Amino acid sequence: MNTWICKTTVAALALSLLAACEEGQGGAFLQGSDTGAASPKAIALSQANMAFGAVTLVAPNGFCIDKASLRQNFALMSRCEALGAPSAGANAPVGILTASFSAASATIPSPSETAAAFGLNTVTDPVVSDRSVTFRANGRAPAKGLSETHWRGTARVGSQMMGLALHGPSGGRA
């Protein structure tokens, strides 16, 4: 199943996972983003099977999946040029996008429930539907140089619940 069926789902999903990243992880994805420098072990993927094949995660335009971060239930995405694929990252905002998967529950958590679970505050701009939730929140940045304000989302994708988080640099357009 392709997880990027509609832009609303993409936005909803691009928002609820970066809490899985510890401080210090992911900062390398922002370093050298203007020069195209990549970590020697970084391998860029455009898509990956997740949740034991239940979902195919397709990175948004300009973003690639970091193969080193890939687990059945977690993936970290960054600008393709930061992962060694400079031609694929044209005009993508600097930032880190995480996706996580778990078996779908009966209901999608509300923005306030997600915020409480991740220790977030100042929840704004919520968009809630039957299949997805997106919102902006403040919380601890996962790496130096990233803004504490970020986007989160949760969506039901087939049999899975997908959470996304999008963190950009302070003052950036992500």
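A disulfide (a pair of cysteine sulfur atoms within 2.5 Å) joins C64 to C80, with an S to S distance of 2.1 Å. By this rule the count comes to 1 disulfide. The torsion about the S-S bond of C64 and C80 is about 95°, so the disulfide is right-handed. The pair links distant parts of the chain, 16 residues apart: C64 belongs to strand β4 (residues 63-66), and C80 to the loop between β5 (74-79) and β6 (96-103). Helices (H or I, at least four residues) and strands (E, at least two) are DSSP runs, numbered from the N terminus. Both C64 and C80 are buried; buried means under 20% relative accessible area, exposed means over 50%, and partly exposed lies in between, with a 1.4 Å probe and protein chains only.

The model is a predicted one, in which local features need pLDDT of at least 70 and side-chain atom pairs count only at pLDDT 80 or more, while totals for chains, interfaces and linings use all residues. Residues are numbered from 1 along each chain as its sequence is written, and side-chain values use heavy atoms, with hydrogens and water left out.

The overall make-up comes next. The secondary structure of the protein comes to 3 helices and 10 strands. From the N terminus on, the elements run α-α-β-β-β-β-β-β-α-β-β-β-β. Of the 174 residues of the protein, 47% count as buried. The protein exposes about 8,500 Å², and carbon and sulfur atoms supply 52% of this area; accessible areas come from the Shrake-Rupley method with a 1.4 Å probe, and for residues only the protein chains shown count as cover. Among contacts (heavy atoms within 4.5 Å) between residues at least 6 apart in sequence, 58% join residues at least 24 apart.

An open sheet of 8 strands has the order β1-β4-β5-β6-β10-β9-β8-β7, with antiparallel pairing. Its edge strands are β1 (44-45) and β7 (121-128), each of which pairs on one side only. Two strands count as paired if DSSP finds at least two bridges between them. Strands of a sheet pair through backbone hydrogen bonds, either parallel or antiparallel.

The disulfide can now be placed against this sheet. Strands β4 and β5 run antiparallel and are joined by 3 bridges. The bridge partner of C64 in β5 is S78, and S78 in turn has I96 as its bridge partner in β6. Between β5 and β6, also antiparallel, there are 5 bridges. In β5, 6 of the 6 residues are buried, so the strand is largely enclosed by the rest of the structure.

The loop between β5 and β6 that holds C80 also holds S87. At 73% relative accessibility, S87 counts as exposed. S87 and G62 are 25 residues apart in sequence, and their C-alpha atoms are 8.8 Å apart in space.

Further along the sheet order, strand β8 (residues 132-138) and strand β9 (residues 149-157) pair in the antiparallel sense over 7 bridges. Within this pairing, T134 stands opposite G153 in β9. A155 also lies in strand β9 and is buried, with a relative accessible area of 1%. The C-alpha atoms of A155 and V133 are separated by 6.4 Å, although the two residues are 22 residues apart along the chain.

Charged side chains are the last topic. Side chains of opposite charge can pair when their charged atoms come close. The structure holds 2 salt bridges, a salt bridge being a side-chain nitrogen of Lys or Arg within 4 Å of a carboxyl oxygen of Asp or Glu. In one of them the side chains of R79 and E81 meet at 2.7 Å, N to O. R79 is buried, with a relative accessible area of 13%, and E81 is buried as well, at 12%.

In another, the side chains of R136 and D125 meet at 3.3 Å, N to O. R136 lies in strand β8 and D125 in strand β7, so the pair ties together parts that are 11 residues apart in sequence. R136 is partly exposed, with a relative accessible area of 31%, and D125 is partly exposed, at 39%.
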